[in-house]
Amino acid sequence: MAADREAVLAALKQIGDPIAGTDIVASGVVRALNVGDDGAVRFVLEIPPDHADRFQVVKAEAEATLKAMDGITNVSIVLTGHTEKAPPELRPRRPAEPKGPQKIPGVDHIVAIASGKGGVGKSTVAANLACALAQMGRRVGLLDADVYGPSQPRMLGVSGRPASPDGKTILPLRNHGVTLMSIGLMTNDDQAVVWRGPMLMGALQQMMMQVQWGALDVLLVDLPPGTGDVQMTLSQKAQVDGAIIVSTPQDVALLDARKGIDMFRQLNVPILGMVENMSTHICSQCGHEEHVFGHGGVAAEAAKLGVPLLAEVPLDLQIRIASDGGAPIAVSQPDSAQAAAFSTIARSLVAAGVA
Ligand SMILES: Nc1ncnc2c1ncn2[C@@H]1O[C@H](COP(=O)(O)OP(=O)(O)OP(=O)(O)O)[C@@H](O)[C@H]1O
């Protein structure tokens with residue numbers, strides 16, 4: 001079993017800080033501690049630059065201590081000079097030079113998860129799909145670009161602000177095997193954010209290019225609903241392999257989904273398929289199946305538009321409870337019927353060569 005964060009912290013508390021005279025956890029030099037599900041431990045020692053030599057010894061001691069512990073597979077410690085800077089603020093930067101779509105270093109594929117309309121379950125699908133892919137052994141990242149309501153930190157059970165040891169790169173967070181960065185983690189919870197166009201573009205570019213994603217088979221991008229600046233910027237700046245459009249079966253949702261598909265086609269982003277969410281409702285009490293929003297509307301629309309229907313996800317209380325609780329159903333009940341819909345989408349992406 002992988003060591004947990006508490007055990008790692010306890011071990012680090014045994015190591016002295018030669019300058020502060022306390023231990024390295026108490027003195028605050030241990031930053032951005034990340035203990036992975038696979039037992040990999042990663043953190044930054046943020047130290048006064050004049051004392052680098054003395055902290056080399058501390059680093060070696062911490063490495064040796066952690067490596068000797070059960071459940072730790074790998075230890076990676078980065079020594080950085082102390083800066084007073086907080087993680088970078090998302091200030092608008094210089095207007096970007098006009099450049100064509102770029103690859104994100106280390107990221108093999110980018111898949112956008114989009115919807116025409118808000119509240120149709122796009123983020124739920126993105127979170128579950130990311131977890132389903134991770135469970136299949138894919139290296140997966142999730143970029144929550146839903147500036148109007150970033151929900152991935154809650155759905156994936158992640159909190160805290162991501163660290164930026166050097167003030168330039170941003171270290172993402174990780175849970176359930178998914179590497180996550182969210183615009184929601186860069187703002188204060190209680191602060192309403194009003195995003196303006198150029199600010200949005202700068203923030204999205206920062207998320208894509210400054211976050212240390214590491215080597216990924218696929219980066220899923222949870223887009224805001226609709227057809228706005230973020231969709232445009234993503235498709236123009238990054239090489240997007242395809243988009244998945246999530247819709248409920250109602251006519252109005254479908255109408256907006258169609259607009260989304262048109263937009264991606266204009267931007268030359270292939271449509272990988274549509275997902276019908278809240279497809280049928282099976283009563284948890286009596287097992288009766290109801291079509292709350294109608295059923296099959298997305299299948300018909302997909303056929304009309306000539307795009308695959310990737311899955312039909314039922315409207316199910318467990319799906320909501322699981323996401324609200326920070327462990328999507330694909331990871332908390334991977335063998336359930338509800339989770340099967342998400343593994344089906346994951347398998348389609350792998351079969352299509354984009355994950
Ligand atoms: N299949 C489902 N069964 C039950 N509840 C669901 C399902 N899909 C989504 N929900 C719930 O519906 C609400 C909205 O879902 P979600 O946040 O994923 O939508 P969204 O399309 O990303 O919305 P927005 O774009 O407006 O942020 C959430 O509370 C979520 O738990």
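In the predicted model, Gly119 is exposed, as 12 other C-beta atoms lie within 10 Å and a residue with 12 or fewer is counted as exposed. Gly119 is placed in the loop between S4 and H3, and Lys117 lies in that loop, between S4 and helix H3 (122-135). Lys117, by contrast, is buried, because 20 other C-beta atoms are found within 10 Å and 20 or more are required for that class. When residues up to four places away in sequence are not counted, Lys117 touches Pro225, Ala253 and Asp256. Both Gly119 and Lys117 are included in a UniProt annotation, "binding site", which comes from an unreviewed entry and covers Gly116, Lys117, Gly118, Gly119, Val120, Gly121, Lys122 and Ser123.

Strand S4 (107-114) is largely enclosed by the rest of the structure, because seven of its eight residues are buried. Strands of a sheet pair through backbone hydrogen bonds, in either a parallel or an antiparallel sense. S4 pairs in the parallel sense with strand S8 (residues 216-222), over six bridges, and within this pairing Ala112 stands opposite Val221 in S8. S4 also runs parallel to S9, to which four bridges join it, and the bridge partner of Val111 in S9 is Gly242.

Two of the residues touched by Lys117, Ala253 and Asp256, belong to the buried set of helix H7, which comprises Ala253, Leu254, Asp256, Ala257, Gly260, Ile261 and Phe264. Seen down the axis of H7, these buried residues fall within an arc of 165 degrees, so they line one face of the helix. The face turned away from the buried side of H7 carries the exposed residues Asp251, Val252 and Gln266. The packing partners of the buried residues of H7 are strand S4 (107-114), strand S9 (242-247), strand S10 (271-282) and helix H8 (297-305). H7 itself, at residues 251-266, has 16 residues and reaches 23 Å from its first C-alpha to its last, which is close to the 22 Å expected at 1.5 Å a residue. Asn268, which follows H7, has a positive phi, near 60 degrees.

Ser323 is placed in helix H9 (residues 317-324), and with 24 C-beta neighbours inside 10 Å this residue counts as buried. If neighbours within four places in sequence are left aside, Ser323 is in contact with Thr124, Ala127, Met155 and Pro328. Between Ser323 and Gln285 the separation is 38 residues in sequence and 21 Å in space, taken from C-alpha to C-alpha.

The pairing of S1 with strand S2 (residues 40-47) is antiparallel and extends over four bridges, with Asn34 standing opposite Arg42 in S2.

Buried positions in H2 are Phe55, Val58, Ala62 and Leu66, and they cover an arc of only 65 degrees around the axis, which puts them on the same side of H2. An α-helix has 3.6 residues a turn, so residues three or four places apart point the same way. Among the elements that cover the buried residues of H2 are H1, S2 and S3, while the face turned away from the buried side carries the exposed residues Asp53, Val57, Ala60, Ala64 and Lys67.

An unreviewed UniProt entry places the feature "domain: MIP18 family-like" at residues 5-76. This span is 33% helix and 24% strand, and its end C-alpha atoms lie 15 Å apart.

Key:
Residues numbered from 1 in each chain as written. Predicted model: local features only at pLDDT ≥ 70, side-chain atom pairs only at ≥ 80, totals over all residues. Pairing = 2+ DSSP bridges. Arc of directions from axis to C-beta. Contact = placed C-beta atoms within 7 Å. UniProt positions renumbered as here; feature names shortened; annotations may be inferred. Expected span 1.5 Å × (residues − 1).
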